[in-house]
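Here's a quick look at some aromatic rings and a strand residue. Have the viewer open while you read.

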Amino acid sequence: MKRLALTLLGLSSLGLLGACAPAPTQRTQSQRIQTPPARAALNSLPFQADFSDAGVTWVSSGQAYVARAPSLRVQPAPLPTPAVAAAWVGSVAWGALPDAGLIVTLDGPPETRVVGRAVRLSSQRIYRQDGSAVNYGGGAAGGVLGFPQAVLTGGDGEEYALVGGDLERPGSPPTVLSAGAQAYLYRLPGRGAATSNVPTVQTDQGLYRLSGTQLERLDAAGRTVTGLPHGPGLIGVVGGRIVTLSADGRIRVFLSDLREVRP
């Protein structure tokens with residue numbers, strides 16, 4: 001991380017670390033106005049993770065981690081300021097450091113990019129506190145209508161976000177797809193995205209969710225087919241297997257029938 005420290009020192013001397021994101025997107029009278037959270041709230045955003053064939057990357061209490069497939073061995077990322085979000089861009093894990101105005105790679109060759117107060121990352125875009133967005137090449141991209149609570153790139157390659165309880169498709173302007181959406185956003189393979197009241201993942205084999213006390217497999221009608229005891233956490237797919245992650249960093253791997261296996 002010596003290279004990252006030198007980058008931060010250089011940016012600080014240029015006055016770039018305190019750079020602010022552009023002014024918030026204007027709303028119509030019928031749209032809810034969001035007040036951006038204070039800095040303390042930014043650094044205590046909920047436990048967040050991203051799953052891909054490359055592995056799992058996540059942020060918990062300001063610390064970022066990477067667990068690469070196939071071993072899924074957990075590696076903390078040494079960072080100069082708290083992280084609030086992590087995402088895979090191909091096989092590269094990125095973290096958002098809003099206090100520094102940067103995104104940084106979390107393992108492998110160190111790389112930093114000055115993006116302003118980034119608070120959420122998808123595999124295609126970097127979302128700032130005010131809802132504006134840029135892509136990983138630094139170009140402007142369609143954002144959302146306020147503070148993004150969750151974002152992802154859907155199974156159709158489009159962007160989706162939860163903002164103020166609504167499901168939006170980021171753009172210029174953004175589109176509200178569903179008012180009063182549920183709290184968890186998940187990808188639909190080959191389609192778009194959906195929301196659920198608990199952490200959920202959709203695969204070709206079915207729908208899986210963490211209820212808080214169980215890991216469940218559901219049928220097409222939403223009925224539980226199989227379940228087993230499991231505490232709260234987040235859920236995703238890595239290499240075709242169901243992977244769960246607890247806030248304390250415990251990773252568990254399951255086959256489609258919920259038989260637990262070693263990574």
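Is W58 buried or exposed? W58 is buried, at a relative accessible area of 1% (buried is under 20%, exposed over 50%, partly exposed in between, with a 1.4 Å probe and protein chains only).

A word on the ground rules: this is a predicted model, where local features need pLDDT of at least 70, side-chain atom pairs count only at pLDDT 80 or more, and totals for chains, interfaces and linings use all residues. Residues are numbered from 1 along each chain as its sequence is written, and side-chain values use heavy atoms, leaving out hydrogens and water.

Now the rings. Rings of Phe, Tyr and Trp (its six-membered ring) pair if their centres lie within 6.5 Å; planes under 30 degrees apart are stacked, over 60 edge-to-face, and the rest tilted. By that rule there are two aromatic pairs:

| Pair | Centre to centre | Angle between planes | Type |
|---|---|---|---|
| W58 and Y65 | 5.2 Å | 20° | stacked |
| W94 and Y136 | 6.1 Å | 50° | tilted |

Y65 is partly exposed, with 22% relative accessibility. W94 and Y136 are both buried. W94 sits in strand 6 (residues 92-97) and Y136 in the loop between strand 11 (133-135) and strand 12 (140-141), so their pair ties together parts 42 residues apart in sequence. Strands here are DSSP runs of E, at least two residues, numbered from the N terminus.

Over to V176, in strand 16 (residues 175-178). V176 counts as partly exposed at 41% relative accessibility. Setting aside neighbours within four places in sequence, V176 is in contact (heavy atoms within 4.5 Å) with L145, D166, L167 and E168.

Note on methods: Helix = DSSP H or I, 4+ residues; strand = E, 2+ residues; numbered from the N terminus.
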